[in-house]
Amino acid sequence: MRLTDILKPQNIKVPLDSLAKNDAIAELVNLLAQNGDITDAKKVLDAVLEREATRTTGIGNGLAIPHGKCNGTKDLVMAIGKANTPIDFTAIDGRPVTVIWLLGSPPDKTGPHIHALARISRLMTSDKFRLALNSAKTSQEMYDAIVQQENALADGVAGKL
């Protein structure tokens, strides 16, 4: 799975307007809704916030991957936001988050959802890639960094980056 087969540049927001976790999640869900990628923004938002309430999706290194499954979308969708001011996600490393990678999927598409979570986690192991995302000044720069990292991973050189 390539994340760039699912992620659209218009679903990346640099910078986010929000300063709090739930607001940032809502901002990304609204971005997906504005771009016509989800059928029911309230269902998606409720699913993501419900999942977030059970356990933090702040996985460390300045990254959070809030996600949820519901009937508010027909397929796996994703949006990314970069916060200018780090946001407290109660991350496992205790540090605030600057990159938020939101996923939503229907309940019957668990496989792609899990594959996307794993792929994001794998991409984010690269210090150079995390720096590229954090340095991005525009949505297109962030998208280009993801394309470059996925290409490197496909070429087997991601560990060298």
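## Helix H5

In H5 (139-154), the buried residues (under 20% relative accessible area with a 1.4 Å probe, protein chains only) are Met 142, Tyr 143, Ala 145, Ile 146, Gln 149, Glu 150, Ala 152 and Leu 153. They pack against S1, S5, S6, H3 and H4, where contact means heavy atoms within 4.5 Å. Helices (H or I, at least four residues) and strands (E, at least two) are DSSP runs, numbered from the N terminus.

This is a predicted model, in which local features need pLDDT of at least 70 and side-chain atom pairs count only at pLDDT 80 or more, while totals for chains, interfaces and linings use all residues. Residues are numbered from 1 along each chain as its sequence is written, and side-chain values use heavy atoms, with hydrogens and water left out.

The 16 residues of H5 should span 22 Å at 1.5 Å a residue, and the 23 Å between its end C-alpha atoms agrees with this. The expected span is 1.5 Å times one less than the number of residues.

## Nonpolar cores

A nonpolar core is a set of buried Ala, Val, Leu, Ile, Met, Phe, Trp, Tyr and Cys residues joined through side-chain atoms within 4.5 Å. The largest has 25 residues, and Ile 80, Trp 101, Leu 103, Ile 120, Leu 133, Met 142 and Ile 146 touch the most other members. Two or more residues each come from S5 (77-87), S6 (97-105), H3 (110-123), H4 (127-135) and H5. H5 gives the most, with five residues. A second, separate core of 21 residues includes Ala 24, Ile 25, Leu 32 and Val 97.

Leaving aside neighbours within four places in sequence, Met 142 contacts Ile 12, Val 14, Ile 80, Lys 82, Val 99, Leu 133 and Ala 136.

## Helices H1 and H2

The axes of H1 (residues 21-34) and H2 (residues 41-54) come within 10 Å and cross at roughly 150°. Axes are lines fitted to C-alpha atoms, for helices over the stretch in contact, and angles run from 0 to 180 degrees between N-to-C directions. Residues in the contact include Ile 25 and Val 29 of H1 and Val 44 and Leu 45 of H2.

## Backbone exceptions

Most residues other than glycine have a negative phi, and most peptide bonds are trans. The bond from Val 14 to Pro 15 is cis, with omega near -5°; Pro 15 lies in the loop between S1 and H1.

Thr 90, in the loop between S5 and S6, has a positive phi of about 50°. Thr 90 is exposed (over 50% relative accessible area), at 54%.
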